[in-house]
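Subject: Structure for your review

Dear colleague,

Please find the structure below, together with its sequence.

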Amino acid sequence: MPHLSRLNTATFALVSAAALLSGCASKPPKQLPPEPGPAATTTTTTPSPDSTSLQAGPPAGSQADFRASLMGQDTIHFELDKYNIDEPSTAALRAQAQWLQRYPAKKATIEGHCDERGTREYNLALGERRANAAKNYLVSLGVDASRLTTVSYGKERPLDTASTEEAWAKNRRAVTITVD
Amino acid sequence: MNSRIIALLLSSTICLPASAQTLATQPVVPQAAKAAAPDANGLTGSVSDDSAWQSLNIDIPAFATDNDVPTGASAGSTAQLGQAIAQVITADLKNNGLFKPVGPGALPSVPFEQISAPDFTVWSARGAEMLVHGSVQNAEGGRLTVGCYLYDVGLHQKLAGASWIFGPGEWRRAAHKCADTVYARLSGESPFFDSRIAYIAETGPKDHRMKRLAIMDSDGANHRFITSGQAMALTPRYSPDYRKIVYLSYLNGSPRIYVYDVEANSQRLVAETRNPTFAPRWSPDGKWILYSMAVAGNTNIYRVSAQGGSSEQLTNTPGINIGGSFSPDGSKVVFESDRGGSQQVYVMNADGTGQHRISFFGGRAATPEWSPRGDLIAFTHIAGNLRIAVMGTDGSGLRYLTNSWQDEAPTWSPNGRIVQFFRTEKGSGHTSIWQVDLTGRNERRLPTPVDASDPSWGPVRQ
């Protein structure tokens with residue numbers, strides 16, 4: 001990440017602390033990360049079922065299970081016109097990688113998206129860039145590249161249809177979807 | 001599209017195109033008015049001062065026939081066709097803000113004998129300065145012969161005349177050819193009415209639009225959907241001969257560009273690759289297709305023969321290089337690139353050499369399109385809102401044509417006088433096709449059956 005390389009460690013800590021505290025204006029409201037539990041520290045256990053022991057929960061290793069486990073961290077977000085992976089995104093991608101390494105046979109598609117405030121063709125290419133950035137990061141975390149494909153939807157599939165800065169921030173995203 | 005036009009070469013009863021050449025070929029206005037001086041809009045050189053010919057009263061009565069008989073045309077008999085053709089011509093001129101046309105509904109009918117010998121006193125008394133007369137007759141094989149004549153009422157002089165033979169399904173083309181004849185003769189500009197538009201028809205909710213490839217005449221008639229909507233279609237371009245359309249489809253789950261054969265109703269990939277491909281474009285001679293391909297996140301521009309085969313890579317920088325529009329002589333390409341940090345407009349030679357940036361206005365510059373006249377580049381300027389703008393081929397003389405929340409993707413009319421684009425409505429996301437004259441005047445919506453985007457305009461049809 002080019003813009004971070006210029007900061008020294010102390011400044012970096014300060015900046016990221018400030019960022020966490022202020023909740024970067026351009027970011028959508030974030031869910032709190034899941035409580036650390038056995039699934040986070042081991043690499044081979046199956047995820048614990050839904051806390052209500054009466055319900056079965058989604059089948060282990062399914063896309064539904066992926067979504068339930070990741071609790072929003074299946075999606076990372078980007079600044080306007082940017083495709084770099086920021087700090088909250090690295091945490092999300094680590095969580096994605098952990099789940100994927102639990103189910104080594106699973107493949108995944110990473111969708112890249114943009115907000116509506118750009119031209120159509122450039123946004124198709126930018127969505128591809130974002131998906132690729134997420135893919136590269138997952139590969140760097142040890143996920144085999146052959147398991148991952150990318151697809152760009154440009155600005156064609158917004159998550160939030162409003163024409164507001166808040167909606168646009170939600171739409172600038174890369175979503176990882178496992179293949180059942 | 002069964003267009004079999006047979007140029008009339010020999011006939012003693014119909015005014016020959018050849019005789020039109022013996023008439024003065026200068027536009028009606030004096031030459032001085034055409035050598036334009038810059039006005040408040042910053043117009044220079046490339047756009048003529050049109051105030052002199054724009055205010056001409058022009059009467060367009062129904063075309064006459066010497067034999068009112070049924071035809072195979074949707075408009076009915078030869079007499080009914082005569083009415084319909086005059087209406088199409090009137091609408092062409094009126095919708096484009098050209099002259100002061102009066103259509104057949106408000107005018108007396110014209111007997112067939114007067115087509116080549118108008119009763120000028122009648123028309124002069126009505127205040128007409130220019131007059132169109134025309135004829136409709138059945139021809140061999142169910143075809144139609146349409147004659148079209150333009151007269152200067154004050155001078156009692158024929159300014160232009162031409163005739164065409166069309167199949168009954170193509171009668172509107174005769175009207176557009178006549179409108180083109182009138183327009184070209186009076187303004188000195190090149191024709192553009194007899195052309196078609198490819199675009200994307202949109203329906204459905206904003207977060208899951210159904211997008212279908214569609215085509216229509218330049219006035220919105222003869223509309224036809226090409227794809228079913230099952231797979232999203234985007235950014236189409238007609239080939240210069242109208243036989244093919246290149247466009248982007250998610251047919252196989254990810255974006256790829258295809259060449260669709262309109263007559264055969266079949267398509268093939270432009271580039272045999274698993275990488276995503278975008279932004280297809282034709283060269284003016286129809287021999288090449290430009291496209292953009294993303295490899296490991298970087299997008300570059302390639303060129304491939306329209307027949308298929310191996311591709312030649314034209315740009316090679318990290319980042320996004322996309323789009324591409326040829327100069328009319330095919331020697332240069334204008335495209336967009338973010339190699340400098342943000343979307344900007346660049347020009348290169350057609351072989352990829354000499355790449356240099358030309359947009360330096362602040363904000364971002366995107367979707368550049370070279371005017372068919374060679375003198376201007378239309379593009380989308382992004383600085384807060386997205387606006388349609390033009391600039392010289394060296395990036396000078398930025399001039400805005402629109403001023404709305406989101407206007408993008410301009411393409412040119414075949415004669416380089418009108419810029420067509422699509423407008424997105426804030427919030428609802430509704431899209432529509434609009435046109436605006438190069439002077440910035442007469443911004444108007446092109447009617448379509450449903451929402452519409454990504455319009456592209458083909459050349460004047462032969």
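The domain assignment of chain B gives domain 1 (17–187) and domain 2 (196–457); such bounds come from an automatic or database domain assignment. This is a predicted model, in which local features need pLDDT of at least 70 and side-chain atom pairs count only at pLDDT 80 or more, whereas totals for chains, interfaces and linings use all residues. Residues are numbered from 1 along each chain as its sequence is written, while chains are lettered from A and ligands numbered from 1 in the order in which they are written.

The centres of domain 1 and domain 2 of chain B, taken over C-alpha atoms, are 33 Å apart. Eleven residues of domain 1 of chain B and 16 residues of domain 2 of chain B take part in the contact between them, two residues being in contact if their C-beta atoms, placed from the backbone, lie within 7 Å. On the side of domain 1 of chain B that touches domain 2 of chain B, helix α4 (residues 78–95) of chain B gives the most, with three residues. That side of domain 1 of chain B has three nonpolar, six polar and two charged residues. Here Ala, Val, Leu, Ile, Met, Phe, Trp, Tyr, Cys and Pro count as nonpolar, Asp, Glu, Lys and Arg as charged, and the others, Gly among them, as polar.

Chain B as a whole has six helices and 29 strands; helices (H or I, at least four residues) and strands (E, at least two) are DSSP runs, numbered from the N terminus. Of its 462 residues, 49% count as buried, a residue being buried if 20 or more other C-beta atoms, placed from the backbone, lie within 10 Å of its own. Among contacts in chain B between residues at least 6 apart in sequence, 45% join residues at least 24 apart.

The contact between the chains takes 20 residues from chain A and 33 residues from chain B. On the side of chain A that touches chain B, α6 (120–140) and β3 (148–154) of chain A each supply at least two residues, and α6(A) gives the most, with ten. The residues of that side of chain A divide into eight nonpolar, five polar and seven charged.

In chain A, the buried residues of helix α4 (residues 63–70) are Asp65(A), Phe66(A) and Ser69(A). Seen down the axis of α4(A), these buried residues fall within an arc of 105°, so they line one face of the helix; the arc is that of the directions from the helix axis to the C-beta atoms. Their cover includes α5 (87–102) and β4 (173–178) of chain A. Met71(A), which follows α4(A), has a positive phi, near 45°.

With kind regards

Terms used:
Buried ≥ 20, exposed ≤ 12 C-beta atoms within 10 Å, placed from the backbone.
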